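Me: I've got a structure to get my head around. Can you walk me through it?
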Amino acid sequence: MFRIRTATAKDAQILARLHGEIFPEDAWTKDWFASRLKQKRMNFLVAEDEGRPVGLSALSIVADEAEILTIGLLSEQRGKGWGGRLLHDALRLPVSHFFLEVAADNQAAISMYKSAGFQEAGLRRAYYKAGTDAIVMVRSQPDP
Ligand SMILES: CC(C)(COP(=O)(O)OP(=O)(O)OC[C@H]1O[C@@H](n2cnc3c(N)ncnc32)[C@H](O)[C@@H]1OP(=O)(O)O)[C@@H](O)C(=O)NCCC(=O)NCCS
């Protein structure tokens, strides 16, 4: 069974392993996760399949805005609707705006964000190490 849960202080190792497998060129350390898991302004979710961690999201909240710092599924678990579900749960945070940066060549992620109501709001040229541009995307909470 697939489920999504809020990460706890004990999940630093799990989150670091997931992030390293999903983003091998930009692995965030266990210490990075351990220190952020203690911060109220951070929100982490873990996606599990039959109890096995398969995906994560990390958001940083500042005032009435949240930035999606990362979201991803292990490669063999993609294309099953789980990334969309993880994003949907991450978007439950009670803020007015969400924003993120995504590599301009990451079609899967850009499509996922657009499906969830994000719009392109800017371009940061050569933002990533490889010289790839980043697209800034923004989503405002629909009116109640
Ligand atoms: C982006 C990512 C999280 C999507 O997860 P996923 O489980 O494969 O996506 P889903 O099956 O839930 O699909 C969600 C939406 O994404 C889009 N999508 C997913 N894979 C796609 C692909 N290969 N090509 C184009 N669009 C795709 C679709 O628009 C889909 O919307 P729909 O349900 O309306 O069709 C996943 O590809 C991933 O982990 N990628 C590596 C990490 C990454 O790039 N993270 C984003 C960093 S900004």
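This is a predicted model: local features need pLDDT of at least 70, side-chain atom pairs count only at pLDDT 80 or more; totals for chains, interfaces and linings use all residues.

Me: OK. How many helices and strands does the protein have?

Reply: There are four helices and seven strands. Starting at the N terminus, the order is β-α-α-β-β-β-α-β-α-β-β. The radius of gyration is 15 Å, close to the 15 Å that the globule rule gives for 144 residues, so the protein is as compact as a globular protein of that length.

Me: And what box do the C-alpha atoms fill?

Reply: Roughly 40 × 35 × 30 Å, taken along the principal axes.

Me: What percentage of the residues is buried?

Reply: Buried residues are 25% of the 144.

Me: Let's zoom in on α1. Which of its residues are buried?

Reply: Helix α1 covers residues 12-22, and A12, L15, L18, H19 and I22 are buried there.

Me: Why do they end up on the same side of α1?

Reply: They cover an arc of only 135° around the axis, and that puts them on the same side of the helix. An α-helix has 3.6 residues a turn, so residues three or four places apart point the same way.

Me: What covers those buried residues?

Reply: The cover includes α2 (30-37), β2 (42-49), β3 (52-62) and β4 (65-73).

Me: Now the largest nonpolar core. Which members touch the most others?

Reply: L15, L45, A47, L56 and A90, out of 28 residues in that core. The elements giving two or more residues to the core are α1, β2, β3, β4, α3, β5 (97-103) and β7 (134-140).

Me: Take L56. What does L56 touch?

Reply: Leaving out residues up to four places away in sequence, L56 touches L15, L18, H19, F44, L45, V46, A47, T70 and G72. Two of these, L15 and L45, are also on that list of core residues touching the most other members.

Me: Switching topic: the ligand. Which residues come nearest?

Reply: R78, G83, G84, S111 and M112, out of 19 residues around the ligand. Elements that give two or more residues to this shell are β4, α3 (82-90) and α4 (107-115).

Me: Which element gives the largest share of the shell?

Reply: That is α4, with six residues.

Me: How does the shell split by class?

Reply: Eight residues are nonpolar, nine are polar and two are charged.

How values were computed:
Residues are numbered from 1 along each chain as its sequence is written. A residue is buried if 20 or more other C-beta atoms lie within 10 Å of its own, exposed if 12 or fewer, and partly exposed in between; C-beta atoms are placed from the backbone. The arc is that of the directions from the helix axis to the C-beta atoms. Two residues are in contact if their C-beta atoms, placed from the backbone, lie within 7 Å. A residue is near a molecule or strand if its C-beta atom, placed from the backbone, lies within 6 Å of it. Ala, Val, Leu, Ile, Met, Phe, Trp, Tyr, Cys and Pro count as nonpolar, Asp, Glu, Lys and Arg as charged, and the others, Gly among them, as polar. A nonpolar core is a set of buried Ala, Val, Leu, Ile, Met, Phe, Trp, Tyr and Cys residues joined through C-beta atoms within 7 Å. The radius of gyration is taken over C-alpha atoms; the globule rule is 2.2 Å times the number of residues to the power 0.38.
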